[in-house]
Amino acid sequence: MTGTTSAHGAPAIPYSYYASASGSSVNLLGSKVVSGPTSQSTVSGDKFPNTSSNSLASAKVNGVLTLGAITTSESATRTATGVKVDSAGETAGVNLLSGLVTIDAVKTNVSTTLVGSTSTGTAKTTFVGIHIPGVTIPVDVPENFNVTIPGVLSLTLNAVQKTTTPGGVLVQTQALDLTLLKPRGNAPLGSEIVLNPAEVGVANTTKTNPVQIGGFAYGSQIDGTVTGVAKIHSGMTAEVVIPGSGTGGQTIVNSTAAVNAAPIISLGAIESTGTGSTSTTVASSQTTYELARLNVLNGLIKADAIKGTATVTRAADGTLIPTASTTFINLVVAGIKIPLNVSPNTVINVAGLATVTINQQAFLSNTAAVRGIDIKLTVAKYGLPIGAEIEVGAALADIIAT
């Protein structure tokens, strides 16, 4: 932010922020079934304004969770005196554990402001049509409202935790955090289900900023637009985002058990990761995606597994090294088996249907990006218009010297 000024001409105070929201996450304790944040959207950095959003038509983990439409969004803006960072998530048609808990709709909002070193932070969740057998839920659910059905479950509604520091504020919330006290269907004892988790943090970064990093990865995305008529969109699945300050060398992970939007696309397990470290001189940023059992456009494209990696490193002398790679296992496009070492940016034109780009790679001096498969329809098909795009696996990593 060096050299920027406020709306009144005074030097602008440097602020940094991180905001994220998603529809749900599931952890079946002792099981390999984990469904990470669904329809996650994230913003981070020190630039204003900044926005992000995501949506998903539905989500399902058999016998555990069924959700209707999910939408999430974030915004970071400057005000006349400081900054404001907000996050919102809304999930409809909630059915948990085969009807044990049902909710028509749940909406969560988190709002933070920071002026100099003076901060405020609030979080609020609103429930419409919530039903838990034998439990009366107040219309206006207070913060950290606890419910226990002995021997069945314990849960917290409108969970809120706020942490203030001399330089900022962090607000964390979950609309619902449920833990099973005994096995139920496919979910063993101790399994956890979370709805509308969100986190917003903003800080006054008056000290010298280190080298900033960034990056993201996700498993799939569908985007199709008919001008003046409609827009068809399925947001990024299993998205992970690296904050500008890095992850402290730790790996952050998002996973989704499965995606089923057949006949357009179906996927088995998806896992995305991000790892980043940064100091005043050196830095590294790496993102990956890995997915299984791919089927696109009713069998036009199939693969047992795909994995992509994007990496950028910065040495003490300022040298930047971006790299990217993709690995395919049993990839078949329109009946053609694609070799493991397929060249970057290989294009296959499928007559009368689509243009398919495989192992798509792009580089700048400080950025590496890779996309496993990019499909652009040349005809209207399966409810998608001409020009609709289907992305399978994407990862980007970058480093920005401040």
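Guide: Two strands are said to pair if DSSP finds at least two bridges between them. Please keep in mind that this model is predicted.

Visitor: Which residue in β15 is the bridge partner of Asp177?

Guide: The bridge partner of Asp177 in β15 is Val194. Strand β14 (residues 168-180) and strand β15 (residues 192-195) run antiparallel and are joined by 4 bridges.

Visitor: How many bridges join β14 to β16?

Guide: There are 6 bridges between β14 and strand β16 (residues 198-204), and these two strands run antiparallel. Within that pairing, Val169 has Val202 of β16 as its bridge partner.

Visitor: How many bridges join β31 to β32?

Guide: Strand β31 (residues 367-377) is joined to β32 by 9 bridges, and the two run antiparallel. Ala369, for example, has Leu396 in β32 as its bridge partner. Strand β32 (residues 389-400) is also mostly covered, with 10 of its 12 residues buried.

Visitor: Where is Thr357 placed, and which residues does it contact?

Guide: Thr357 belongs to strand β30 (residues 354-364). Its relative accessible area is 12%, so Thr357 is buried. Neighbours within four places in sequence aside, Thr357 is in contact with Asn345, Thr346, Val347, Gly372, Ile373 and Asp374.

Visitor: Where is Val64 found?

Guide: Val64 is found in the loop between β6 (59-61) and β7 (65-67). Val64 counts as buried because its relative accessibility is 2%. Apart from residues up to four places away in sequence, those touching Val64 include Val26, Leu28, Asn95, Leu96, Leu97, Asn186, Ala187 and Ile193. Val64 and Leu28 are 36 residues apart in sequence, with 9.1 Å between their C-alpha atoms.

Visitor: Which residues touch the most other members of the largest nonpolar core?

Guide: In soluble globular proteins, nonpolar side chains tend to be buried together. Here the largest nonpolar core has 48 residues, of which Leu294, Ile301, Ile373 and Ile375 touch the most other members. Ile373 is in contact with Leu294, Ile301, Ile306, Phe328, Leu331, Val356, Thr357, Ile390, Glu391 and Val392, leaving aside neighbours within four places in sequence. A second, separate core of 34 residues includes Leu67, Val106, Val152 and Ala187.

Visitor: The last topic is the backbone. Which peptide bond is cis?

Guide: Most residues other than glycine have a negative phi, and most peptide bonds are trans. The peptide bond from Phe48 to Pro49 is cis, with omega near -10°. Pro49 is in the loop between β4 (41-45) and β5 (50-56).

Visitor: What is the phi of Asn158, and what is that of Asn196?

Guide: Asn158, although not a glycine, has a positive phi of about 50°. Asn158 is placed in strand β13 (residues 153-165), and it counts as buried because its relative accessibility is 1%. Asn196 has a positive phi near 50° and sits in the loop between β15 and β16. With a relative accessibility of 2%, Asn196 counts as buried.

Conventions:
Residues numbered from 1 in each chain as written. Predicted model: local features only at pLDDT ≥ 70, side-chain atom pairs only at ≥ 80, totals over all residues. Heavy atoms only, no water. Buried < 20%, exposed > 50% of the residue type's maximum accessible area, 1.4 Å probe, protein only. Contact = heavy atoms within 4.5 Å. Core = buried A, V, L, I, M, F, W, Y, C linked by side-chain atoms within 4.5 Å.
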